Every structure is written in structure tokens, then in C-alpha cells.
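Reader: I would like to learn how to read the helices and the core of a protein model. Please take me through one.

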Amino acid sequence: QAEAESGPTRSRLASPLILAYAFILVVLGTRALQAPQVDWDALGYAGVVETWSGGTDEEVHAAAYSTVEEAAGPERAAELRGEGLDPEDRGVAYRQRMAAEPEAFVAQLPFYRGRIVFLALLYAAGLLGASATTTALAISLLSGIAFGAVLILWTTRYLSMLYACLAAMIAMKLTGATEVMAMATPDMLAAALLL
């Protein structure tokens with residue numbers, strides 16, 4: 001009975017359509033690598049990881065902004081600091097204050113502490129020498145690929161291979177997974193774990 005149950009799984013994995021779907025996931029992953037999206041939250045997660053490593057507010061602040069700039073580039077990092085943006089915009093004033101005041105930056109970090117699994121992965125990667133933001137982008141990318149893989153294996157249980165692949169691709173697009181897997185946030189990891 002065990003062999004009979006494992007047979008369909010092996011044939012599903014060997015299907016040319018599954019290989020085509022895997023190729024599509026790789027293409028989506030490559031696209032995510034070429035256009036990473038680093039937003040304000042990346043600073044918060046990097047900051048929390050830096051607080052776990054110890055240090056003064058100034059050291060945490062400098063390290064968080066440095067790791068984000070390394071991954072996002074100087075232009076995006078300047079936007080996250082509120083440089084060159086309309087000072088009348090409330091969000092810009094907040095960004096400028098966080099960039100200028102390490103104590104204020106550290107004071108807003110508790111909001112980001114609830115994503116324990118994500119933060120633990122960032123911290124562990126930091127112990128190995130990887131930056132928090134680069135690790136966050138890698139987690140999103142790998143989580144998106146895992147999300148797609150689980151989705152296709154699940155849908156092939158109920159649909160023919162062709163329709164399962166089409167349904168999985170449509171689901172990846174409708175759920176926003178193709179965009180979220182390029183973001184330095186825990187969202188794609190949460191979606192993959194939930195699925």
C-alpha cells in the first residue's frame with residue numbers, strides 16, 4: 001500500500017509540466033533577485049536583530065541603516081532616510097526623524113519583535129556573517145519557491161497536471177506571491193508556512 005501511495009507522487013514530480021512549473025519558479029526567483037524591494041520595515045527588522053547582538057542605540061541605528069543601504073543601494077537608502085523627498089509629507093518627516101535620532105529609532109523597534117521565526121533566521125544568518133537585509137530577501141525568495149512547490153503538489157492531487165499547473169500559476173499571481181517574494185519582509189515566509 002505504501003508503494004501504491006508513493007507512486008503518484010513520484011510520477012507528479014517527474015512530469016514535464018512540473019519541470020516547466022519549476023522553471024517558471026526559477027524565472028520568478030531570478031526576477032525577484034534583479035528587483036529586490038527594500039522598504040521601511042527592513043530597517044525595523046535589521047534593528048531588532050542588532051539589538052539582540054547588543055550595543056548602544058547609536059550602534060544599533062548605524063548597523064541597521066548600514067545593512068539596509070548595502071542591500072538596497074545608496075539611492076533607496078537615501079529615500080528611506082527621507083532625503084530628497086517632500087518635507088511636508090508626514091511619512092518623510094518620520095523617516096528623517098528616525099534617521100537622525102537613534103533613540104527614537106530604537107524606541108519604535110518593539111513593533112517588529114513579534115515575527116520570531118523570521119527574526120531568528122536573520123539573527124542566525126548574522127552569526128554566520130550574512131547581513132539581515134540580504135538574508136531577508138533570500139528568505140522571501142526561497143519561501144516563494146516553496147510556496148509555489150507546495151501549491152503545485154497540492155493542486156495535482158485534485159486536478160489533471162495541465163490544469164493544476166495553470167491553477168498554481170494563477171494562484172501565485174492572484175495571491176501576490178510573485179511580488180512578495182522580492183520583498184525583505186516576513187510575509188512570504190508566513191504564507192509558505194501557512195500553506
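This is a predicted model: local features need pLDDT of at least 70, side-chain atom pairs count only at pLDDT 80 or more; totals for chains, interfaces and linings use all residues.

Author: Residues are numbered from 1 along each chain as its sequence is written, and side-chain values use heavy atoms, with hydrogens and water left out.

Reader: How many helices and strands does the protein chain have?

Author: Helices (H or I, at least four residues) and strands (E, at least two) are DSSP runs, numbered from the N terminus. Here the protein chain has 12 helices and 0 strands.

Reader: What percentage of the residues in the protein chain is buried?

Author: Buried means under 20% relative accessible area, with a 1.4 Å probe and protein chains only. Of the 195 residues in the protein chain, 40% are buried.

Reader: Which residues have the most contacts inside the largest nonpolar core?

Author: A nonpolar core is a set of buried Ala, Val, Leu, Ile, Met, Phe, Trp, Tyr and Cys residues joined through side-chain atoms within 4.5 Å. The largest one has 29 residues, and W40, L43, V68, F105, L109, F118 and L122 have the most contacts inside it. Two or more residues each come from α3 (40-52), α4 (57-72), α7 (102-107), α8 (116-127) and α9 (132-155). The largest share, 7 residues, is from α3. Another core lies apart from this one and has 17 residues, including F147, A164, C165 and A192.

Reader: What is F105 in contact with, beyond its neighbours within four places in sequence?

Author: Contact means heavy atoms within 4.5 Å. With those neighbours left aside, F105 is in contact with L43, G47, H61, A64, Y65 and M98.

Notes
Buried means under 20% relative accessible area, exposed over 50%, partly exposed in between (1.4 Å probe, protein chains only).
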